[in-house]
Amino acid sequence: MRKIFVLLSGLLFGAGLTISGMVNPAKILNFLDLTGQFDATLIFVMGTGLIITTLGYQLIFKRGKPFFDTEFHLPTSEIIDTKLIAGAAMFGLGWGLSGFCPGPAIASLVFGYQQSLIFVAAMIVGTLLARLIPVTTKLD
Amino acid sequence: MTITEFTPYAGVLGGALIGLAAVILMATVGRIMGATGIFRGLLTTNFDEAFRWRLVFIVGLLIGTAWTGLFTGAAHSISFVSNNYIIVIGGLLVGAGTTLGNGCTSGHGICGISRFSKRSVLATCVFMVVAIITVFIVRHILGIS
């Protein structure tokens with residue numbers, strides 16, 4: 001039962017990224033290009049996503065625990081440090097250069113373009129390299 | 001550079017589905033829907049439950065994208081930056097940056113902000129501003145598309 005809902009969540013995430021056009025790097029880059037080919041679509045995607053998630057989370061957290069697990073697995077760190085800011089800045093640079101962030105990049109693999117494959121391969125290498133840095137947070 | 005059409009209605013519909021996906025994942029298995037963490041969790045040799053739910057999610061993501069792509073024509077409208085070296089550098093930076101910063105557009109940008117995490121609000125502001133500056137420099141100062 002758990003797995004069916006996880007699969008459903010993945011299906012909806014993929015459908016949402018595709019319908020909204022966020023799988024298309026050109027659309028992301030044009031959103032970021034405020035003084036040029038500006039395409040504001042991303043704001044509508046993120047805005048709607050935020051409203052629904054914020055309201056949904058309130059209801060879920062009030063319940064105290066998820067339906068198919070004993071607890072919520074939430075990040076506990078509240079530390080603002082160089083690692084967070086440097087990491088976010090590196091990500092922003094890579095995002096601005098390529099127009100890809102992790103979700104859409106992985107999703108776009110199904111369309112069979114070599115650029116998606118090159119990006120995801122490089123992303124794997126980048127992830128593994130960052131893991132060699134001892135301060136990297138472990139996943140729960 | 002490719003001109004893209006402003007599509008607010010498709011944006012709202014897609015955003016709603018993304019929000020719904022995040023809510024379902026939290027409501028059922030209590031997990032943050034962050035592409036970074038889910039992807040990172042697959043780069044392991046330990047195929048336990050933590051690996052398996054992430055694999056199921058990614059399978060769903062791929063099927064959902066392929067299926068929706070069939071009737072939105074997404075596969076044909078997609079357009080990449082023309083230089084593959086820039087794609088490689090972008091991929092390396094995105095992989096390393098999201099690992100160090102512990103999240104991306106979905107994990108920090110949607111889920112983190114929705115639970116009022118200060119780290120996520122800050123990370124989102126930082127990557128948005130850096131990405132906007134990057135595009136400005138690439139397109140309007142260096143003049144490459």
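Is Arg139(B) buried or exposed? At 9% relative accessibility, Arg139(B) counts as buried, where buried means under 20% relative accessible area, exposed over 50% and partly exposed in between (1.4 Å probe, protein chains only). The points below begin with the basis of the model and return to this residue.

1. Basis. This is a predicted model, in which local features need pLDDT of at least 70, side-chain atom pairs count only at pLDDT 80 or more, and totals for chains, interfaces and linings use all residues. Residues are numbered from 1 along each chain as its sequence is written, chains are lettered from A and ligands numbered from 1 in the order in which they are written, and side-chain values use heavy atoms, with hydrogens and water left out.

2. Chain A overall. Chain A contains 6 helices and 0 strands; helices (H or I, at least four residues) and strands (E, at least two) are DSSP runs, numbered from the N terminus. Its C-alpha trace spans about 45 × 40 × 30 Å along the principal axes. Of the 140 residues in chain A, 53% are buried. The chain exposes about 6300 Å², and carbon and sulfur atoms supply 71% of that area; accessible areas come from the Shrake-Rupley method with a 1.4 Å probe, and for residues only the protein chains shown count as cover.

3. Helix H6 of chain A. This helix (residues 114-132) has 19 residues and reaches 28 Å from its first C-alpha to its last, close to the 27 Å expected at 1.5 Å a residue; the expected span is 1.5 Å times one less than the number of residues. Among its buried residues are Phe119(A), Met123(A), Gly126(A) and Ala130(A). Seen down the axis of H6(A), the buried residues fall within an arc of 165°, so they line one face of the helix; the arc is that of the directions from the helix axis to the C-beta atoms. On the other side, Leu117(A) and Leu132(A) are exposed. The buried residues pack against helices H4 (82-98) and H5 (102-107) of chain A, together with helices H2 (35-40) and H5 (84-100) of chain B.

4. The Asp33(A)–Arg139(B) pair. The side chains of Asp33(A) and Arg139(B) meet in a salt bridge (2.8 Å, N to O), a term for a side-chain nitrogen of Lys or Arg within 4 Å of a carboxyl oxygen of Asp or Glu. Asp33(A) lies in the loop between helix H2 (25-32) and H3 of chain A, and Arg139(B) in helix H7 of chain B, so the pair joins two chains. Asp33(A) is buried, at 1% relative accessibility.

5. Further salt bridges. The whole structure holds 6 salt bridges over all chains. One of them joins Asp69(A) to Arg2(A), the closest N and O atoms being 3.1 Å apart; this pair links distant parts of the chain, 67 residues apart. Asp69(A) is buried, with a relative accessible area of 16%, whereas Arg2(A) is partly exposed, at 22%. Glu49(B) and Lys3(A) also meet in a salt bridge (3.2 Å, N to O), and that pair crosses between chains.

6. Ile52(A). This residue is found in helix H3 (residues 41-63) of chain A and is partly exposed, at 28% relative accessibility. Ile52(A) touches Ala16(B), Gly19(B), Leu20(B) and Val23(B), not counting residues up to four places away in sequence; contact means heavy atoms within 4.5 Å.
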